[in-house]
2 protein chains.
Amino acid sequence: MSTASTSSHALPGPPNIAERLRPARRTGAVPALHYRPAVPADPEKAAELDRRLEAWARELDLFPAAWKGDFSGFQFGRAVVLQHPGGLDLDRLTVAGKLLLAENIVDSCYCEEDEGRGGSRRGLGGPLIIAQSALDPYHGIPELEEEWREGIRADGPLRSYHFALTDFASFATPSQTDRFVHDIARLHLGYLAEAAWMETGYLPRVWEYLVMRQFNNFRPCLSIVDAVDGYELPEQLYARPEIQRITALACNATTIVNDLYSFTKELASDPDHLNLPQVVAANDRRGLKAAYLKSVGIHNRIMDAFEEESAALAATSPLIARYAEGLAAWVSGNHEWHATNTNRYHLPDYW
Amino acid sequence: MSTASTSSHALPGPPNIAERLRPARRTGAVPALHYRPAVPADPEKAAELDRRLEAWARELDLFPAAWKGDFSGFQFGRAVVLQHPGGLDLDRLTVAGKLLLAENIVDSCYCEEDEGRGGSRRGLGGPLIIAQSALDPYHGIPELEEEWREGIRADGPLRSYHFALTDFASFATPSQTDRFVHDIARLHLGYLAEAAWMETGYLPRVWEYLVMRQFNNFRPCLSIVDAVDGYELPEQLYARPEIQRITALACNATTIVNDLYSFTKELASDPDHLNLPQVVAANDRRGLKAAYLKSVGIHNRIMDAFEEESAALAATSPLIARYAEGLAAWVSGNHEWHATNTNRYHLPDYW
């Protein structure tokens, strides 16, 4: 595990972190953040994925009118190549990209009020139950099933979920597909908790915020690592509490990375947006910079726990070792994407 | 499959149903409803379950102050005995009762505004994410995990979920436990959709309502039938689309039964409460009685589909046959409970 400039595993104390925060950095890794370097992304592969994803999205007419600019800015292809260095082939990477794209379209169109695509915190449970059904199909009488199918086909975000999952299920086992569906249910519960707190102005305690963030989380992207890499971690193993735990630790570490890198963007676009440094600052009544440093420390300890516990489990089974490596690779690739995606992320100017 | 007075499988046409609706009945089965008779409940067994459940609830201080009256009225023990005629032993039936009780406490305290226990549609995503974490635990750093554990212990509904699942996991496999956790995520998404529509005054189309009701559904009670009966339908079988389909059909049929039997109670206590006859009436612009009859017809066709498709699958595997029988027994037992629980359910006087 590396910090920005060293390979030390030790968690530096606050004064040490504060020192590393100077000079102010607009881009690059968060100072003192523990991370491992990613396998570099092949730009040709990333470009080919972007071509395929854009063609798929156009064919299914998935993009809202204003989306085009975002597509290249988001770097979907590069994200997927960085996150899945062991991906079996371009077809599986493309499906990982479709799922990622679909998750972003649903989030952007249904959840985000400030993106101007009709999203609303109030009443969000309605659209999200229909979205969940795009993955977890309705069963009833033929006429009503047909009306449900027409409803799914009539809406871009719903089409994106439905057809991305159809492609995933063509190579994933039913167990792996069900795992993904459960993880999207988790994600939607997380969206709904965040929307509820924003709507009611509730300030969560730090543990409550992190519980919500374990649901509103990158987990659906990480728990497909075995399917994308061309094997299956059997469900009997996956369901074991210790495997659930390392999965959650990896997912939580990499999701907090998003909070840390998104901090400035979110502060600028929506000062009330909940993220870990803000929630720590409000609960601890400390300044944002001190809260940011404390948040980095929380992340680092979760990363340490993931690495230690996954190493111990990996020693017990080659399949678990392969799965844990896949999780770790996703975490590294996601960090690299955040640290280098300067269209979206930079650190505060005043640090 | 029986209707109230015949064993005919054929779905009677509307005039026939209308005829059977006379004379007005305050109790007993919904006229023209397709159902199979339940295995009679042993009253001693039901009473022993009630004793155990009440002792458990008192030990964990689960009941809100006003709950006592409801406990005997609900007939938890009788419900569980009727729904699980193949239950391995009293211990497993007790755990099924604990899960049922916990689900009712969470629903009553968090979701129901008109029960006066602090439930609120607005902002419901907040309490429900913490409730989900009582089953799907938080993983992070020790101090925050301890704060989360204290948070769970400090609240009756959260304790009920957490300790009921702990007991379930003592005999269920990790896969069966994960299945239950996924089904409660589904349930919570269903609660949140219903709350959203009630909050915003949205009138769903019939298919949208039934999608929501496939989530806000008895499924968490049915999908434990193998664990309660002392065997496991392996997850690789459970995850197969055709097994998911018969599971959903059984769950949807038995959940619509709840709409049909709750209709009068809900109409009296909250005229805007969404249920199938009301949604059909509003969408079709027909009277409540005609909408009720159409809803019975929808139920009957879903029941028929469950019976036909589960029979075909049962012929392929003794394990699937056993599982399908368990689902069917739950559906029958639940019908019997609704048809005879005159404390809560009766048909409209004017029919």
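In which loop of chain A does A:Arg285 lie?

**Model and conventions.** This is a predicted model, in which local features need pLDDT of at least 70, side-chain atom pairs count only at pLDDT 80 or more, and totals for chains, interfaces and linings use all residues. Residues are numbered from 1 along each chain as its sequence is written, chains are lettered from A and ligands numbered from 1 in the order in which they are written, and side-chain values use heavy atoms, with hydrogens and water left out.

**View 1. The contact between chain A and chain B.** Chain A contributes 57 residues to the contact, and chain B contributes 57 residues; contact means heavy atoms within 4.5 Å. About 5100 Å² is buried between the two chains, 65% of it on carbon and sulfur atoms. Buried area is the accessible area (1.4 Å probe) that two parts lose on being put together, summed over both. A:Ile129, A:His139 and A:Trp207 supply 14% of the area that chain A buries against chain B, more than any other three residues.

View 2. Eight salt bridges cross the interface of chain A and chain B, a salt bridge being a side-chain nitrogen of Lys or Arg within 4 Å of a carboxyl oxygen of Asp or Glu. One of them joins the side chains of A:Glu199 and B:Arg122 (3.3 Å, N to O). Between chain A and chain B, 18 residue pairs are in polar contact, both residues at pLDDT 80 or more. A polar contact is a pair of N or O atoms within 3.5 Å; within protein, one must be able to donate a hydrogen and the other to accept it, and residues adjacent in sequence count only if both atoms are side-chain atoms. Helices of chain A that each supply at least two residues of the side touching chain B include H6 (125-133), H7 (142-153), H9 (174-200) and H10 (206-215). Helices here are DSSP runs (H or I, at least four residues), numbered from the N terminus. H9(A) gives the most to this side, with 16 residues. By class, the side of chain A that touches chain B has 28 nonpolar, 16 polar and 13 charged residues. Ala, Val, Leu, Ile, Met, Phe, Trp, Tyr, Cys and Pro count as nonpolar, Asp, Glu, Lys and Arg as charged, and the others, Gly among them, as polar.

**View 3. The relation between the two copies.** The same surface serves both copies, since 100% of the contact residues of chain A recur in chain B.

View 4. Eight of the nine residues of H6(A) are buried, so H6(A) is largely enclosed by the rest of the structure. Buried means under 20% relative accessible area, exposed over 50%, and partly exposed in between (1.4 Å probe, protein chains only). Among the buried residues are A:Leu128, A:Ile129, A:Ile130 and A:Gln132. The buried residues of H6(A) pack against helix H5 (90-111), H7, helix H8 (156-169) and H9 of chain A, together with helix H9 (174-200) and helix H10 (206-215) of chain B.

**View 5. A:Lys98 in helix H5.** A:Lys98 is found in helix H5 of chain A and counts as buried at 11% relative accessibility. Leaving aside its neighbours within four places in sequence, A:Lys98 is in contact with A:Leu53, A:Trp56, A:Ala164 and A:Asp167.

**View 6. Positive phi values in two loops.** Most residues other than glycine have a negative phi. Phi of A:Asp61 is near 55 degrees, a positive value. A:Asp61 lies in the loop between helix H2 (43-59) and helix H3 (68-74) of chain A and is exposed, with a relative accessible area of 54%. Phi of A:Arg285 is near 50 degrees, also a positive value in a residue other than glycine. A:Arg285 lies in the loop between helix H15 (276-284) and H16 of chain A and is exposed, with a relative accessible area of 78%.

**View 7. Salt bridges within the chains.** The count over all chains is 42 salt bridges. A:Asp284 pairs with A:Arg286, the closest N and O atoms being 3.2 Å apart. A:Asp284 is partly exposed at 29%, and A:Arg286 is partly exposed at 35%. In chain B, the side chains of B:Arg52 and B:Glu48 meet in a salt bridge (3.0 Å, N to O). Both lie in helix H2 of chain B, four residues apart, about one turn of the helix. In chain A, A:Glu48, A:Arg51, A:Arg52 and A:Asp91 are linked in a network of salt bridges.
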